[in-house]
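Student: I am new to this structure. Can you help me read its pockets and cavities?
Tutor: Gladly. Have a look, then ask away.

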Amino acid sequence: MSWPYDYIIIGAGSAGCTIANRLAEDYALRVLILEAGPPDSSFMLKMPAGFASLGEKTPYNWRYETVPQKQCNDRRMYWPRGKTLGGSSAINAMLYVRGHASDYDNWRQLGLEGWSYEDVLPFFRKAENNERGGNQFHGKGGPLNVADQADPCPLNDAFLKACEQAGHKRNDDFNSAEQEGVGYYQVTQRNRERWSTASAYLRPAVERNKNNVHVISDALVERIILDKTRAMGVRYTLNGRDEVARCSREIILAGGAVNSPQLLMLSGIGPADHLKQAGVKPLHDLPGVGGNLQDHLDAAVLQFCKTRDTYDRANKLASLYKYWRHKKGPGTSPIAESGGFLSTRPGLAAPDIQLHFLPVLVVDHGRTRLKKDGYSLHVCTLRPESRGTIRLKNADPKEHPLIDANYLAEKRDLDTLVEGVKIGREILAGAALDPYRAEEYAPGAAVKSDSEIAQWVRAKSETIYHPVGTCKMGPDNDPMAVVDYRCRVRGLQGLRVVDASVMPTLVGGNTNAPTIMIAERVAAFMQEP
């Protein structure tokens, strides 16, 4: 087949769906989107709380694991990542959070033209249809529907009152002039259904431009084909067959922080010495590929509840029926319903911890069920100093790569989490929660001193699902930069990376909205005359 496509997009996740939609605005362009996972057809992906019920055997999750984490008692950490149309936006908690304005100003200070907060705010607004209406911070009429929660658990009100009793201010909009404070999260839902990027961006693109936008699911891309320094096409497998697709303009790699560096390395693009060790012939030595890995590490304070006001005893069938019939009840929930952004010490330019409050006991990512009532307060450190890597296990595209988040390698990360846990405990001890509070399940009454909390953090902390940075954007003088400020892969033609892997530093908040913004920003670069 000879040059049938103008663009090939690898990965139909948050970034891939977004950029597909924007490219498809030109009806003359032929666009191919290749997604390794199946279509997002399950009802459990439409019902907001359904993602919590997908279980271990779901085909919609890559189910990655890290290598043993040295500073976390040599534990292998579970890393769920979306593997379907919509990517992780199809299985996440739907929280609409952008990060702090200073995160983007910092990118600009690193030499990335066009990425200051003032530069990116128009693209957050362009993406958004906020049901509260548009203003200087929020968009109206964009593809991504942002809504207030439909039917949150009343226990959140007691939690937020306890936060105020501990001296933390209420904030009804974490994405406006001020991030600090506590409140309810807004969610990417529409008509009380999950509104993933497949719903917001991909399906409208296909419907609008049926002849020229092609989506192939269950297609595992094994290699990007290079002709000297130009990306020409991709090799992928479909139904056990090897297939090749070629393109005349650009290949856009949108696999995310794990898959994008993995595919670059499988294609011979990356640190030459490592590629040789993994059995891959180096074609383009790019030392930064797979480096700079950052993630939000999370510690959860778990409290038993003496009433039945939590979701723990919610009858699954009854909740399913209530949602199906009335779009009400626990089925509408993002599970992490309220929370906020706080500072562990005075004088910080931006909050350094984030809280997620869940009116349910969640242990081991929900894979273990406790038959008791309770609530969970997740605390994560927002700007980790530790850096990890993605590396190839071998040259087999079907093998998961070696993920080393290198959690807690830097002492500041541990110190921040310990302070965050203490703040979380203080909140949960507030008078507003007196009618509900039973004993603390974790860390537990025996864990008191800073060193005991630190030991518990090493034993129990987990990802809160925000890996970024492994194909980082950087200026010309940064030897570890993988892409330039327009996300073009350095030293190659016709290849971009557009997803969370290009973030030079992790933003202070959930990463889905920033990933969509990145795709909107790069699409605008590509559409410039």
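Student: What is the volume of the second largest pocket?
Tutor: A pocket is an open space. In this predicted model, the second largest pocket has about 390 Å³.

Student: Which residues lie nearest its centre, and how many line the second largest pocket?
Tutor: The lining counts 19 residues. Nearest the centre are Asp103, Asp352, Arg383, Pro384 and Glu385.

Student: Which helices each supply at least two residues of that lining?
Tutor: Helix H3, spanning 101-109, and helix H10, spanning 411-428.

Student: How many lining residues of this pocket fall in each class?
Tutor: Eight are charged, six are polar and five are nonpolar.

Student: Now the cavities. How many of 30 Å³ or more are found?
Tutor: A cavity is a space the probe cannot leave. Searching the whole structure gives three of that size.

Student: How much space lies in the largest cavity, and which residues line it?
Tutor: The largest cavity holds about 80 Å³. Among its lining residues are Leu293, Gln294, Asp295, Leu297 and Thr381. Pro384 also lines this cavity, and Pro384 is one of the residues nearest the centre of the second largest pocket.

Student: What about the second largest cavity?
Tutor: Its volume is about 50 Å³. The lining includes Tyr96, Tyr184 and Tyr185, along with Asp172, Asp173 and Arg132. Phe174 and Asn175 line this cavity too.

Student: And how many residues of each class line the second largest cavity?
Tutor: Five nonpolar, two polar and three charged.

Methods:
Residues numbered from 1 in each chain as written. Predicted model: local features only at pLDDT ≥ 70, side-chain atom pairs only at ≥ 80, totals over all residues. Heavy atoms only, no water. 1 Å grid on protein atoms, 1.4 Å probe; cavity = no way out; pocket = protein on both sides within 12 Å on 5 of 7 lines; lining within 4 Å. Points joined across faces, edges and corners; volume = space filled by probe spheres on them. Helix = DSSP H or I, 4+ residues; strand = E, 2+ residues; numbered from the N terminus. Nonpolar A, V, L, I, M, F, W, Y, C, P; charged D, E, K, R; others polar.
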